[in-house]
Amino acid sequence: MMKINSNSVIKSTVTVIWLIVAMTLLSEVSGPFKSLLIQIGSHHWIGKGIVSMVVFVVTYLLFSKSKEPESILSGAIAVVGSAVFGALIIFGFFIWHFVSG
Amino acid sequence: MHILIGIHAVLGEIGALAFIWVFVEMMNPNLAGLKRARAAALLGALLLIGAWIAGGFYYVTQYGAAVKPIILSGPLPWAHSVITETKEHVFLFLPFLSLLSWGLLRRYQSEFIQNRNFRIAILLISGLLVLMAFSMAGMGFMISSGFRAALEAKVI
């Protein structure tokens, strides 16, 4: 079985989290971008999923030969921090969007 | 009530339980425990991917046309505008976090036994997965409440 590169899988996870945050916000403020996502996946949410999966795989392959860290803790903290802040940004954006009408 | 919501919720919650299992195994791991943690993480990842597909199919084919307009016309429109919108997008983090957890557990063996930092890394990721998966269930409850409130407002 293929040996997984820890540095690469951490980097691709962080990249995908911020990509999802960016696509979420951008698709709400840009009609053309939302249309592009719809063209990719027939629905903007499916489009986001497809783009995320492709970027996850491509980023992993891009860094798959990179040097692995001595410890994975800092990478895990980066992932958890990205997920928590990314989720709060999405939540805060939709509150603002709802309140501002 | 829709069967796809049930499948989505069941797969998601069993997926969360699988990562609780990972979390517990990583608190004081040995070789046998690591093997179980790897199996639990793989199971959890597959279940969360299944929840993604079931929930996504429901969202795309049913929710937008049949549920969203009713919630928006009811007394709790934020249940869609804030909660559904947040849930559908933050959920996308979960399959990737679960694959990361499984990938790291596959990559290392004795490091988890010998090095506390490696254990903490998996504890953080699996703990986050559990909290996020259960928060999805909480948001699902709020969305259902928004739908029910809209129906009740029209009936009464």
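## A loop residue in chain A

A:Ser42 counts as exposed because its relative accessibility is 61%; exposed means over 50% relative accessible area, buried under 20%, and partly exposed in between, with a 1.4 Å probe and protein chains only. The residue lies in the loop that joins α2 (31–41) to α3 of chain A. Most residues other than glycine have a negative phi.

## Basis of the model

The model is predicted, with local features needing pLDDT of at least 70 and side-chain atom pairs counted only at pLDDT 80 or more, while totals for chains, interfaces and linings use all residues. Residues are numbered from 1 along each chain as its sequence is written, chains are lettered from A and ligands numbered from 1 in the order in which they are written, and side-chain values use heavy atoms, leaving out hydrogens and water.

## The two chains

Chain A has four helices and zero strands, in the order α-α-α-α from the N terminus. Helices (H or I, at least four residues) and strands (E, at least two) are DSSP runs, numbered from the N terminus. The C-alpha trace of chain A spans about 50 × 30 × 15 Å along its principal axes. Of its 101 residues, 46% count as buried. Chain A exposes about 5,300 Å², with carbon and sulfur atoms supplying 74% of that area; accessible areas come from the Shrake-Rupley method with a 1.4 Å probe, and for residues only the protein chains shown count as cover. Among contacts in chain A between residues at least 6 apart in sequence, 78% join residues at least 24 apart, where contact means heavy atoms within 4.5 Å.

Chain B comes to six helices and zero strands, running α-α-α-α-α-α from the N terminus. Its C-alpha trace spans about 65 × 20 × 20 Å along the principal axes. Of the 156 residues in chain B, 53% count as buried. The chain exposes about 7,000 Å², of which carbon and sulfur atoms supply 72%. For contacts in chain B with a separation of 6 or more, residues 24 or more positions apart account for 79%.

## Helix packing within chain B

Two packed helices are described by the angle between their axes and the distance between the axes. Helix α2 (residues 31–73) and helix α4 (residues 93–107) of chain B pack at about 160°, with their axes 9 Å apart. Axes are lines fitted to C-alpha atoms, for helices over the stretch in contact, and angles run from 0 to 180 degrees between N-to-C directions. The pair α2(B) and α4(B) is therefore roughly antiparallel; angles over 145 degrees count as roughly antiparallel, under 35 as roughly parallel, 65 to 115 as roughly perpendicular and the rest as oblique.

On the α2(B) side, the residues in contact include B:Leu34, B:Ala41, B:Leu48 and B:Trp52, and on the α4(B) side they include B:Leu94, B:Phe96, B:Trp102 and B:Arg106. By class, the contact of α2(B) with α4(B) has 14 nonpolar, two polar and two charged residues. Ala, Val, Leu, Ile, Met, Phe, Trp, Tyr, Cys and Pro count as nonpolar, Asp, Glu, Lys and Arg as charged, and the others, Gly among them, as polar.

## Helix packing between the chains

The axes of helix α1 (residues 6–29) of chain A and α4(B) come within 10 Å and cross at roughly 175°, which makes α1(A) roughly antiparallel to α4(B). Residues of α1(A) in the contact include A:Ser6, A:Val9, A:Ile17 and A:Ile20, and those of α4(B) include B:Phe93, B:Phe96, B:Leu100 and B:Arg107. The classes in this contact of α1(A) with α4(B) are 11 nonpolar, two polar and one charged.

Helix α3 (residues 44–62) of chain A and α2(B) have axes that come within 10 Å and cross at roughly 150°, so α3(A) and α2(B) are roughly antiparallel as well. A:His44, A:Trp45, A:Ile46, A:Gly49 and A:Met53 of α3(A) make the contact with B:Trp52, B:Gly56, B:Tyr59 and B:Val60 of α2(B). This contact of α3(A) with α2(B) has six nonpolar, three polar and no charged residues.

## A buried loop residue in chain B

B:Leu92 is in the loop between α3 (78–90) and α4 of chain B. With 0% relative accessibility, B:Leu92 counts as buried. Not counting residues up to four places away in sequence, B:Leu92 touches A:Ile20, A:Trp45, A:Lys48 and B:Trp52. The C-alpha atoms of B:Leu92 and B:Leu48 are separated by 10.0 Å, the two residues being 44 residues apart along the chain.
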